[in-house]
Amino acid sequence: MSPISRRGLLAGAAATALTAATARTAPATTNPVWAAPFATADGFAGTNLLGQNGTTGGAGGPVVTVRDTEAFLDYCDRNEPYVIQVDGIMRFSSKQALRSNKTVIGLPGAEIRGGGLDMYRRQNVIIRNLRFTGADDDAISIQQSSHHIWIDHCDLSGGADGLIDIVRGADLITVSWCHFHDHSKTALLGHSDSNAGPDTGKLRTTFHHNYFDRTAQRHPRVRFGEPIHVYNNYFRDNALYGVASTENAGVLVESNHFRNVPHPIYVGYDESGPGRVVERDNVYSNSGAPQTAGTVVEPRTYYPYTPDNPANLPTTVPAGVGVGRI
């Protein structure tokens with residue numbers, strides 16, 4: 001679904017305009033709790049490609065703290081860099097625009113409820129320490145050639161569609177230390193079997209140290225992209241499957257821990273043709289046998305990394321994922 005205008009989601013156009021105008025004339029700046037330098041993106045979001053050196057978000061821009069939905073969406077929709085500190089619960093519907101050069105970071109208790117954030121032809125965005133619940137579409141949508149996006153230490157659950165969709169030529173994404181739960185369709189890379197042209201060789205994404213906690217499927221489900229790097233994640237009680245590589249995607253599944261997952265890795269799924277998967281150094285505890293096929297471009301072609309021991313992930317990942325851990 002296409003994002004709706006943020007102006008249309010709130011009743012009363014006059015009230016909306018007044019609040020937005022107030023936000024612009026009186027910025028919601030407070031003590032910069034998160035303004036100090038923090039960890040930088042790794043994986044594909046940390047690469048120097050496509051004219052962007054890593055992912056820095058709103059670094060260098062003003063630090064603002066928002067406590068109501070209208071001010072939050074107003075800052076998300078501005079063109080200038082900002083570090084946006086979210087204080088409280090932001091309630092809205094559908095997918096709302098998040099522009100380039102933004103860091104959106106939650107203060108304790110911060111939550112986005114009912115809607116999601118949409119990046120359409122955007123780059124250099126960081127989303128950290130935020131809870132997403134009950135989205136009526138996708139919780140986080142990264143699309144239309146957006147690149148250098150880092151999603152870190154978030155908690156995502158209970159949406160109507162995907163929790164994270166990376167589609168339509170998006171590229172150079174990292175999803176790290178997130179807790180996915182109480183949901184079915186977790187993460188989709190490549191929206192359609194007919195989109196080979198824009199997606200082939202794009203959608204390069206790193207998933208590491210995420211907890212796929214009784215979510216049913218798509219951890220991730222991939223079309224066309226290569227390489228997709230899935231390492232050091234903990235998969236637990238995933239009823240349908242863990243990872244699916246389809247439509248000639250190239251996926252490396254490395255040093256993960258699968259527990260009670262009947263189908264850890266699929267090559268091809270539903271009506272989509274087979275992809276390619278290399279698996280190595282994974283732990284399969286009370287789980288089925290993985291499917292593999294072909295070869296995959298090594299992520300080390302793009303960035304260095306050192307996997308943790310997958311035997312330890314059932315302890316270290318739940319202890320480190322989600323909000324309140326950075």
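A residue counts as buried when its relative accessible area is under 20%. In this predicted model, Cys-154 has 0% relative accessibility and therefore counts as buried. Cys-76, at 0% relative accessibility, counts as buried too.

A disulfide is a covalent bond between the sulfur atoms of two cysteines. The structure holds zero disulfides. For Cys-154, the closest cysteine sulfur belongs to Cys-178 and lies 4.8 Å away, which is too far for a bond, because a disulfide requires cysteine sulfur atoms within 2.5 Å.

Burial can also be followed over the whole protein chain. Of its 326 residues, 57% count as buried. The chain exposes about 12,100 Å², and carbon and sulfur atoms supply 50% of that area. Its secondary structure comes to four helices and 27 strands. Among contacts between residues at least 6 apart in sequence, 61% join residues at least 24 apart.

The largest nonpolar core has 56 residues, and the members that touch the most others are Phe-72, Ile-127, Phe-132 and Leu-156. Helix α2, covering residues 69–76, gives the most to this core, with five residues.

Leu-156 can be taken in more detail. Leaving aside residues up to four places away in sequence, Leu-156 touches Phe-132, Ala-139, Ile-140, Leu-163 and Ile-164, as well as Cys-178, His-179, Phe-180 and His-181.

Note on methods. Residues numbered from 1 in each chain as written. Predicted model: local features only at pLDDT ≥ 70, side-chain atom pairs only at ≥ 80, totals over all residues. Heavy atoms only, no water. Core = buried A, V, L, I, M, F, W, Y, C linked by side-chain atoms within 4.5 Å. Buried < 20%, exposed > 50% of the residue type's maximum accessible area, 1.4 Å probe, protein only. Helix = DSSP H or I, 4+ residues; strand = E, 2+ residues; numbered from the N terminus. Contact = heavy atoms within 4.5 Å. Areas by Shrake-Rupley, 256 points an atom, 1.4 Å probe, with all protein chains shown as cover.
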